[in-house]
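Take a moment with the sequence and the model. We will walk through a few places, one by one.

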Amino acid sequence: MIKRPRRLRGSEGLRKMVRETRMDKSSLIYPMFIKDGTGVREELMSMPGQYRCSVDQMYHELQKVCDSGVGAVMLFGVPGHKDEAASQAYAEDGVIQRALKEAKKRFPDLYYITDVCLCEYTSHGHCGMLCGQDVDNDRTIKVLAKTALSHVQAGADMVAPSDMMDGRIAEIRRVLDANAYVNTPVMSYAVKYASGFYEPFRDAAESAPSFGDRKSYQMDYHNSREGIKEVILDEEEGADIVMVKPALSYLDMIARVKEVTNLPVAAYSVSGEYAMIKAAAEKGWIDEAKIVCETAAAVYRAGAQCYLTYYAKELAGYMDEGRIG
Ligand code: PBG
């Protein structure tokens with residue numbers, strides 16, 4: 001035998017030398033939930049180890065992020081008041097706006113990305129303004145752009161619209177540019193599927209729709225070419241980064257998106273992915289660290305350059321230990 005693939009698997013040093021996928025802490029983004037009120041620090045029932053904190057309690061969590069070496073966070077707001085107009089989404093003293101101002105004072109070196117969506121802020125839990133039972137696309141993108149602008153004015157370094165309305169990237173770009181924020185990047189949740197994997201998040205963010213579902217705006221999981229269409233549109237509209245979400249069940253999409261765009265590709269391992277690993281680990285059926293490393297490597301191997309995950313801090317630790325990377 002002349003060709004023996006096992007020759008290059010003979011030692012840890014050699015395996016690392018020829019490794020194809022290399023990971024770095026600087027590509028990790030940690031999602032966090034900030035809740036209105038004071039003195040709030042609630043562990044999420046369906047996401048053990050993740051917390052919902054008020055602005056005065058978030059410093060502890062931000063400190064842990066900094067200590068782990070993760071450099072970026074994605075902030076989600078849980079407002080005290082919801083209404084038809086989603087008014088707390090763009091209020092100057094809204095929960096995210098206050099969180100940004102405070103967090104940037106204490107931790108100026110972290111990079112702050114905000115999720116821009118209305119489902120947490122509307123009384124009905126849908127991602128936009130309603131017209132009858134349906135979300136009115138063109139009215140919604142105006143409110144999204146207003147929300148994105150208010151986040152940037154409060155200090156957001158990047159905005160990430162997750163609503164899946166048509167034309168929202170162009171509208172957000174237009175409004176940011178008109179207000180002289182030409183250098184603030186937009187990360188589009190471009191390929192976002194209507195997914196059962198968001199269930200724990202909706203408890204965490206109190207954002208479950210009060211009727212119906214999100215299938216008239218989020219994508220049908222039977223489709224892949226439709227995702228490419230979304231990526232091409234978002235790139236034309238000025239997106240700087242495109243995201244695939246969820247991650248683990250959509251590795252094919254990460255790989256395909258990578259081929260059709262030269263934009264950086266992000267992937268988001270969502271709440272249900274976290275919950276499944278946690279639950280199986282708690283039962284002692286899997287080794288949590290092993291599964292977290294393996295799934296992260298799969299996401300990067302498929303082509304992701306940035307990785308949003310509730311395991312970001314742990315992954316940074318595993319990278320430091322040389323377990324992965
Ligand atoms: C807001 C939003 C959702 C997630 C990110 N942004 C929920 C949804 O679309 O229902 C899901 C994140 C997760 O499950 O971790 N639209």
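How many disulfides does the structure hold? This is a predicted model, and it holds 0 disulfides. Take C66. The closest cysteine sulfur to its own belongs to C53, 14 Å away. A disulfide needs two cysteine sulfur atoms within 2.5 Å, so the sulfur of C66 is too far from that of C53 for a bond. C306 is in no disulfide either. For C306, the nearest cysteine sulfur is that of C66, at 19 Å.

Are these cysteines buried or exposed? C66 has a relative accessibility of 32%, so it counts as partly exposed. C306 has a relative accessible area of 14%. Buried means under 20%, so C306 is buried.

Q218 places a side-chain N or O atom 2.9 Å from a ligand oxygen atom. D115 faces a nitrogen atom of the ligand instead: a polar side-chain atom of D115 lies 3.3 Å from that nitrogen. How much of the ligand does the protein bury? Taken alone, the ligand exposes 400 Å², and the protein buries 100% of that.

Last, look at the surface. L8, M17 and V18 form a nonpolar patch there. Together they have about 300 Å² of accessible area. M17 belongs to helix α1, which covers residues 12–17. The relative accessibility of M17 is 60%, so M17 counts as exposed.

Key:
Residues numbered from 1 in each chain as written. Predicted model: local features only at pLDDT ≥ 70, side-chain atom pairs only at ≥ 80, totals over all residues. Heavy atoms only, no water. Patch = residues over 30% accessible without salt bridge, like charges linked within 9 Å, V, L, I, M, F, W, Y side chains within 5 Å. Areas by Shrake-Rupley, 256 points an atom, 1.4 Å probe, with all protein chains shown as cover. Salt bridge = Lys/Arg side-chain N within 4 Å of Asp/Glu carboxyl O. Helix = DSSP H or I, 4+ residues; strand = E, 2+ residues; numbered from the N terminus. Buried < 20%, exposed > 50% of the residue type's maximum accessible area, 1.4 Å probe, protein only. Polar contact = N/O pair within 3.5 Å; in protein donor to acceptor, adjacent residues only side chain to side chain.
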